Amino acid sequence: MSAREDMRRLDELAVSKLLDTHSAEEAIEYRALLDEYPTFRESAVEELLAVAHLACLPTCEELPPRLRSSLEASAAKFLDQPQPAPTAPVSTMPRREPRIAPWVAWSGWLTAAAACLFAIVLGLRPPRIIQAPPMVRTVEVRRPTPPDAATATRPPPPQAPAAPDLAAERRAFLATHPHVIERAFRPGGDPTGARVQGDVVWDEASQRGYLRFVNLQRNEPNSEVYQLWIFDGERDQRYPIDGGVFDIRHGATETIVPIRAQLAVKVPLAFAVTVERPGGVVVSDRSRVAALASVT
Amino acid sequence: MNDEAYNPAQIPGGVESRADLLPQVARHDKSAVHACIARYGPLVWTMARRMSMSIEDAEDAVQEIFLDLWRHAGRFDPHHGSERVFVSTLARRRLIDRIRHMQRRLSVERPLPADLELAGISGPSEHAERDAQVDLARRVLRELPVDQQQAITLSLVEGYSHSEIAERLAWPLGTVKTVLRRGLLRLKNLAANPSLVRAAEDAE
């Protein structure tokens with residue numbers, strides 16, 4: 001093989017290793033090639049995975065004030081330690097201990113997944129969520145900041161950018177997108193939305209839109225959040241598109257929430273708001289539907 | 001610099017600036033260390049929330065990641081990628097290690113939750129933060145078939161095992177592995193040749 005082919009193979013094997021798909025033969029081949037090409041940067045492939053991770057990650061959530069305060073305290077302790085002698089950067093990443101397949105750690109979930117699949121096949125209602133699984137999704141950035149006594153003694157927080165005027169944003173959006181779908185929300189059965197009023201506007205071309213609510217009950221973010229689901233006519237209706245989680249801070253006043261669809265919505269059929277555990281869920285059991293807007 | 005004087009918006013490399021912070025962190029610059037929390041806290045927190053078993057676990061992970069970051073800030077080399085990518089690489093390592101450790105402990109301490117269902121899957125979405133590498137990756141990923149995007153997202157962001165992805169997407173296990181490997185290799189190849197991405201976009 002030429003050096004170029006070797007490098008291509010090294011890339012393949014490095015990706016394979018980091019995805020934990022190495023066979024025993026591939027592991028041996030990889031070690032041999034690494035010996036032959038000692039300048040190959042395996043960490044470059046690890047960085048590639050990090051880049052892909054960032055590309056797939058939804059909008060970031062603000063640090064909880066308590067955690068931020070705790071980090072500030074840790075920073076102060078770190079700064080009290082003596083400073084190490086300066087060194088030139090030698091690698092993009094610190095060395096790490098040899099890894100064991102991380103996915104091995106997740107193998108136990110398979111059992112539960114299989115059980116759930118079995119229940120679905122039998123037409124049974126999936127069991128209620130009893131423990132937060134690790135794959136929670138949190139996308140809403142406009143999370144309220146609860147009062148935190150600890151913040152009183154720490155340095156002033158960095159100046160956050162001013163909150164956008166969502167009402168103005170929405171107006172501008174409507175002015176510049178003449179073909180939006182606009183539908184009213186109606187109560188979905190859960191007490192939190194018993195008196196809900198509001199609407200959804202959605203532009204198919206730009207894949208953007210906003211929710212607007214009045215009288216959707218204020219939620220306690222540490223206990224539950226609202227999550228939007230978009231039913232798409234071109235997708236399996238069991239798996240609506242996650243439109244993001246959000247909080248209602250003042251139920252009696254108007255709240256506007258930008259929609260953050262995680263996948264392209266091709267044929268919107270309905271927009272549903274459910275009540276879920278903090279962080280949201282991957283799939284809702286739809287036991288608590290707060291509001292519903294049908295397109296068709 | 002004392003606490004009263006701390007204002008990351010006013011220092012070079014502070015929150016409002018996009019200059020790299022880690023070289024200053026490596027020199028134990030107090031403002032930079034604090035600005036690092038403000039700049040990367042939301043990113044690390046979001047990653048940790050999605051790859052942790054509980055809020056408390058995610059909070060512990062964030063603490064560990066920042067300590068790692070401050071200690072190893074001197075390792076950051078801008079020639080090998082952006083600071084944001086360095087932070088997320090380090091965070092991924094720590095989170096994967098914690099998953100491994102935590103799951104081993106949990107497996108003997110409590111039964112597995114029986115709450116897994118077929119996945120509603122996230123995909124690439126818009127970031128407020130701009131990063132050329134990440135923007136390119138997002139463009140490349142969006143060119144992949146939706147199911148491949150889903151598989152990559154489930155694997156990288158949600159920490160799903162290949163078997164779990166196979167269950168959720170109703171694919172053979174071998175297909176999951178192949179799709180992940182091909183998708184990431186394509187990303188790597190296109191990342192090395194951005195002109196190919198532009199050409200593909202222009203052709204649309």
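**Stop 1: where two helices cross**

Select helix 3 (residues 42–56) of chain A together with helix 6 of chain B: their axes come within 10 Å and cross at roughly 110 degrees. (Helices are DSSP runs of H or I of at least four residues, strands are runs of E of at least two, and both are numbered from the N terminus; axes are lines fitted to C-alpha atoms, for helices over the stretch in contact, with angles from 0 to 180 degrees between N-to-C directions.) That makes helix 3 of chain A roughly perpendicular to helix 6 of chain B, where angles under 35 degrees count as roughly parallel, over 145 as roughly antiparallel, 65 to 115 as roughly perpendicular and the rest as oblique.

Before going on, two notes on what you have loaded. This is a predicted model, in which local features need pLDDT of at least 70 and side-chain atom pairs count only at pLDDT 80 or more, while totals for chains, interfaces and linings use all residues. Residues are numbered from 1 along each chain as its sequence is written, and chains are lettered from A and ligands numbered from 1 in the order in which they are written.

Now show side chains at the crossing. From helix 3 of chain A come A:Leu49, A:Ala52, A:His53 and A:Cys56, and they meet B:Ile152, B:Thr153 and B:Leu156 in helix 6 of chain B. (A contact here means C-beta atoms, placed from the backbone, within 7 Å.)

**Stop 2: around chain B**

Colour chain B by secondary structure and you'll find nine helices and zero strands. Of its 204 residues, 52% count as buried, meaning that 20 or more other C-beta atoms lie within 10 Å; 12 or fewer is exposed, in between is partly exposed, and the C-beta atoms are placed from the backbone. Among the contacts in chain B between residues at least 6 apart in sequence, 58% join residues at least 24 apart.

Pick B:Glu158 next, in the loop between helix 6 (146–156) and helix 7 (162–169) of chain B. Is B:Glu158 buried or exposed? B:Glu158 counts as buried, because it has 21 C-beta neighbours inside 10 Å.

**Stop 3: the cores**

B:Ala48 leads on to the largest nonpolar core, which has 72 residues. (A nonpolar core is a set of buried Ala, Val, Leu, Ile, Met, Phe, Trp, Tyr and Cys residues joined through C-beta atoms within 7 Å.) Those with the most contacts inside it are A:Val51, A:Ala52, B:Val25, B:Cys36, B:Val44, B:Ala48 and B:Val62. Helix 2 (residues 30–50) of chain B gives the largest share of this core, 12 residues.

Centre on B:Val25: leaving aside residues up to four places away in sequence, B:Val25 touches B:Ala32, B:Val33, B:Cys36, B:Trp70 and B:Ala73. Apart from this core lies another, of 31 residues, including A:Val200, A:Phe231, A:Val265 and A:Val273.

**Stop 4: a sheet in chain A**

Follow A:Val200 into strand 3 (residues 197–203) of chain A, whose covered face is A:Gly198, A:Val200 and A:Trp202. The uncovered face has A:Gln197, A:Asp199, A:Val201 and A:Asp203.

Zoom out to see an open sheet of four strands, ordered 1-3-4-7 (chain A) with antiparallel pairing; two strands pair if DSSP finds at least two bridges between them. Strand 1 and strand 7 (255–258) of chain A are the edge strands, each pairing on one side only. The twist averages 15 degrees from one strand to the next.

Helix 6 (residues 166–176) of chain A packs on the sheet, touching strand 3, strand 4 and strand 7 of chain A, and its direction makes about 60 degrees with that of strand 7 of chain A.

- A:Glu182 with its bridge partner A:Val201 in strand 3 of chain A
- A:Trp202 with its bridge partner A:Gly209 in strand 4 of chain A
- A:Leu211, opposite A:Val257 in strand 7 of chain A

Strand 3 and strand 4 of chain A form a hairpin with four residues between them, and A:Gln207 in the turn has a positive phi of about 60 degrees.

**Last stop: a loop in chain A**

Finish at A:Asn215, in the loop between strand 4 and strand 5 (225–232) of chain A. Its phi is near 65 degrees, a positive value in a residue other than glycine. A:Asn215 is partly exposed, because 18 other C-beta atoms lie within 10 Å.

Note on methods:
Two residues are in contact if their C-beta atoms, placed from the backbone, lie within 7 Å.
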